[in-house]
Amino acid sequence: MLFVREGDDLVRVRLADIQYVEAKGDYMLVHTAAERHMVHATMKKIEERLPAGAFMRVHRSYLVRIDQVERIEGDRLLIGGTQIPVGPTYRETLLERIRSL
């Protein structure tokens with residue numbers, strides 16, 4: 001479970017519900033199937049709080065939950081109907097990780 005600060009509130013987000021995290025300037029959007037939460041944090045800070053075995057950086061602006069990846073199409077992957085870019089520096093590590101599952 002992860003608590004994210006939204007304004008003055010702390011909102012509980014179950015790790016199992018998180019599909020991916022997207023960087024938007026100084027904020028991060030934590031996406032679930034039902035909603036998204038805007039959090040004032042760095043990607044590094046979010047990455048440190050999520051379990052490395054379940055989540056993986058695939059682009060400088062995206063962190064995904066591996067078991068949510070539906071398909072990899074060239075330099076993009078698909079999660080819940082959303083196309084997410086895969087950066088060239090992350091591609092080989094992603095493919096190795098997927099092959100090992």
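# Notebook: strands, rings and salt bridges

I started with the sheet β8-β9-β10, which is open, has 3 strands in that order and pairs antiparallel. I took two strands as paired if DSSP finds at least two bridges between them. Strands here are DSSP runs of E of at least two residues, numbered from the N terminus. β8 (71-73) and β10 (82-85) are the edge strands; each has a single partner strand, so one side of each lacks a neighbour in the sheet.

The model is predicted: local features need pLDDT of at least 70, side-chain atom pairs count only at pLDDT 80 or more, and totals for chains, interfaces and linings use all residues. Residues are numbered from 1 along each chain as its sequence is written, and side-chain values use heavy atoms, with hydrogens and water left out.

**β8 and β9.** I looked up the contact between β8 and strand β9 (residues 76-79) and found 3 bridges, antiparallel. R71 has L78 in β9 as its bridge partner. The side chain of R71 also meets E73 in a salt bridge, at 3.4 Å from N to O. A salt bridge is a side-chain nitrogen of Lys or Arg within 4 Å of a carboxyl oxygen of Asp or Glu. I recorded R71 as partly exposed at 48% relative accessible area, and E73 as partly exposed at 36%. The classes are buried under 20% relative accessible area, exposed over 50% and partly exposed in between (1.4 Å probe, protein chains only).

**Other salt bridges.** How many salt bridges does the whole structure hold? The search returns 6. Side chains of opposite charge can pair when their charged atoms come close. I checked R65 and D67, whose side chains meet at 2.6 Å, N to O. R65 counts as buried at 8% relative accessibility, whereas D67 counts as exposed at 56%. I then checked K24 and E22, with the closest N and O atoms 3.3 Å apart. K24 is partly exposed at 42%, and E22 is buried at 10%.

**β4 and β5.** I followed the hairpin of β4 and β5, which has 3 residues between the strands. Strand β4 (residues 27-32) pairs antiparallel with β5 over 5 bridges. Y27 has H40 in β5 as its bridge partner. Which residues of strand β5 (residues 36-40) form its covered face? They are H37 and V39, while R36, M38 and H40 make up the uncovered face.

**Aromatic rings.** I counted 1 aromatic pair. Y20 and Y62 form a tilted pair, 6.3 Å centre to centre with 40° between the planes. Rings of Phe, Tyr and Trp (its six-membered ring) pair if their centres lie within 6.5 Å; planes under 30 degrees apart are stacked, over 60 edge-to-face, and the rest tilted. The pair links distant parts of the chain, 42 residues apart: Y20 is in strand β3 (residues 18-24) and Y62 in strand β7 (residues 62-65). I found both Y20 and Y62 buried.

F3 lies in strand β1 (residues 2-6) and is partly exposed at 42%.

Methods. Helices (H or I, at least four residues) and strands (E, at least two) are DSSP runs, numbered from the N terminus.
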